[in-house]
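The report below treats one element of the chain and then turns to the protein as a whole.

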Amino acid sequence: MTSLNVPVLTLDGPSGSGKGTVGQFCAQRLGWHYLDSGALYRALAYTVDRSGIDIDDLEAVLCVAKKMQFECRPSPPEPAEIVVNGDNVGNEVRNEGVGETASLLAQKPEVRAVLLDLQREARRPPGLVADGRDMGTVVFPEADLKIFLTASVEERAQRRYNQLKLKGFNGSLADLFQAIQERDARDVERTTSPLVAAEDAVTIDSTNLTIDEVVTRVLDLVLNQLDIAGIDTTERETGLT
Ligand code: C5P
């Protein structure tokens, strides 16, 4: 089986749309691999920062990116475990500072080009669920099913605030709202791989949906679109809203 015969489900959308949690549950139900491509950009940001490299020193950044060993292990409902160069750095990569640097590095076409190969290597049998910003448009344009997951900025800021609060974050909701708006603008306006729904993507607005409802909708679409037997989409026990 060449990697192009391996089925792929892509989930693209802005920060906080729920694609990470939904993607992990879908991968688990399907028994497929899972790629959190945002975590890959975050992993690079974290490694660059730890190495004391200036993010504008493109040559040094690319050198780190080319050598980076990245692994993504789903653990829903928690965010996926992220192993970089052998170290589990899931917690470290998911803070606002690293997210900000990741967003800036993601503007650079040369960085995106290097990370493209790493992302495509994640396509292994029996299948892949890939979440990010350009999974359906650039990384896996021939994906079997493409979902574009959105939610209002207010709802996404509130979700992020609730998540960070559990980890002891004491910043304000208003600041998060503004940071999300700025990050959205950078993702949408950049010239290389901007955040946009693929023409053949199915859009789901998760503002008023629970995680369970979104997972069920996505898996129903997978079953309708792909010839996969043995997946029961009715039984949901994520316990998440
Ligand atoms: O999804 P997450 O917030 O973890 O992603 C971190 C940053 O990486 C985003 O702000 C976005 O700019 C960038 N990113 C990207 N393309 C992807 C995934 C993430 O540009 N496929």
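Helix 1 is mostly covered, with nine of its twelve residues buried, where buried means under 20% relative accessible area with a 1.4 Å probe and protein chains only; helices are DSSP runs of H or I with at least four residues, and strands are runs of E with at least two, numbered from the N terminus. The buried residues of helix 1 include Lys-19, Val-22, Phe-25 and Leu-30. Just after helix 1, Gly-31 takes a positive phi of about 75°.

This is a predicted model, in which local features need pLDDT of at least 70 and side-chain atom pairs count only at pLDDT 80 or more, while totals for chains, interfaces and linings use all residues. Residues are numbered from 1 along each chain as its sequence is written, and side-chain values use heavy atoms, without hydrogens and water.

The protein has ten helices and eight strands. Its radius of gyration, taken over C-alpha atoms, is 17 Å, close to the 18 Å that the globule rule (2.2 Å times the number of residues to the power 0.38) gives for 241 residues, so the protein is as compact as a globular protein of that length.

| Whole-protein property | Value |
|---|---|
| Box filled by C-alpha atoms, along the principal axes | roughly 50 × 45 × 35 Å |
| Residues counted as buried | 49% of 241 residues |
| Accessible surface (Shrake-Rupley method, 1.4 Å probe) | about 11500 Å² |

Key. Buried means under 20% relative accessible area, exposed over 50%, partly exposed in between (1.4 Å probe, protein chains only).
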